[in-house]
Amino acid sequence: MARDPGIRPDPPAAAVAAVVDAARRSFELILVDIGRTGEGLATLAWDCDRILLLAKANLKSAVAATRVLSELPPIDTGLLVRGTIATSVDATLIADSLGLPLLGVLPEMRGVAAGTELGRLLELGRRKSISRLAGSVLELNGAIQ
């Protein structure tokens, strides 16, 4: 069976750990997508000072977030909900049911998939809603005044 050339294997855990360690020594703030399962939760989550759990504003994602939350280490964790005001499940309701503080609602963004594929994802950060959300997340860390 031929492997899909668009799918890349995960890097070795030791390499990821070395990169994260170097970043922690070099920068005041680093953001790492640790994923939902496997190596990220088993190793990287324990090295985090704070975890921002991201869930879509629907029941299926809220249930999945419960499972992920049960696997996280006992550290400061907050919730970001991806959706709009018109989504099916209220962000505050999801946060309350998970017992997490709601840190913000990440708006749905057209073009994310295409921007990721084309290496132009950072250009989406120019949108005001994304800029405001990024600023509020950075304020959580005291990174901006």
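## Helices across the sheet

Helix α4 lies across β1, β2 and β3, and runs at about 150° to β2. Helix α3 lies across β1 and β2, with an angle of about 155° to β1. Please keep in mind that this is a predicted model.

## The sheet itself

The strands form an open sheet of 3, in the order β1-β2-β3, and their pairing is parallel. Both β1 and β3 (102-106) are edge strands with a single partner each, so one side of each has no neighbour in the sheet. From one strand to the next, the twist averages 25°.

How many bridges join β1 and β2? These two strands pair in the parallel sense over 7 bridges. In general, the strands of a sheet pair through backbone hydrogen bonds, in either a parallel or an antiparallel way.

In soluble globular proteins, nonpolar side chains tend to be buried together. Here the largest nonpolar core has 19 residues, and those touching the most other members are Leu 53, Leu 72, Leu 79, Val 81, Ile 94 and Leu 98. Two or more residues each come from β1 (50-56), α3 (59-71), β2 and α4 (91-98). Which of these elements gives the largest share? That is α4, with 4 residues.

Is Thr 77 buried or exposed? Thr 77, which lies in strand β2 (residues 76-82), has a relative accessible area of 10%, which means that it counts as buried, being under the 20% cut-off. A polar atom of the Thr 77 side chain lies 3.0 Å from the backbone oxygen of Ile 75. Beyond four places in sequence, Thr 77 is in contact with Ile 51, Leu 53, Leu 69, Leu 72, Leu 100 and Pro 101.

One of those contacts, Leu 69, sits in helix α3. Leu 69 is partly exposed because its relative accessible area is 23%, a value between the 20% and 50% limits. Again leaving out residues up to four places away, Leu 69 touches Leu 53, Thr 77, Leu 98 and Leu 100. Leu 69 and Leu 100 are 31 residues apart along the chain, and their C-alpha atoms are separated by 9.8 Å.

Notes. Residues numbered from 1 in each chain as written. Predicted model: local features only at pLDDT ≥ 70, side-chain atom pairs only at ≥ 80, totals over all residues. Heavy atoms only, no water. Buried < 20%, exposed > 50% of the residue type's maximum accessible area, 1.4 Å probe, protein only. Polar contact = N/O pair within 3.5 Å; in protein donor to acceptor, adjacent residues only side chain to side chain. Contact = heavy atoms within 4.5 Å. Core = buried A, V, L, I, M, F, W, Y, C linked by side-chain atoms within 4.5 Å. Pairing = 2+ DSSP bridges. Axes fitted to C-alpha atoms, helices over the stretch in contact; angles between N-to-C directions.
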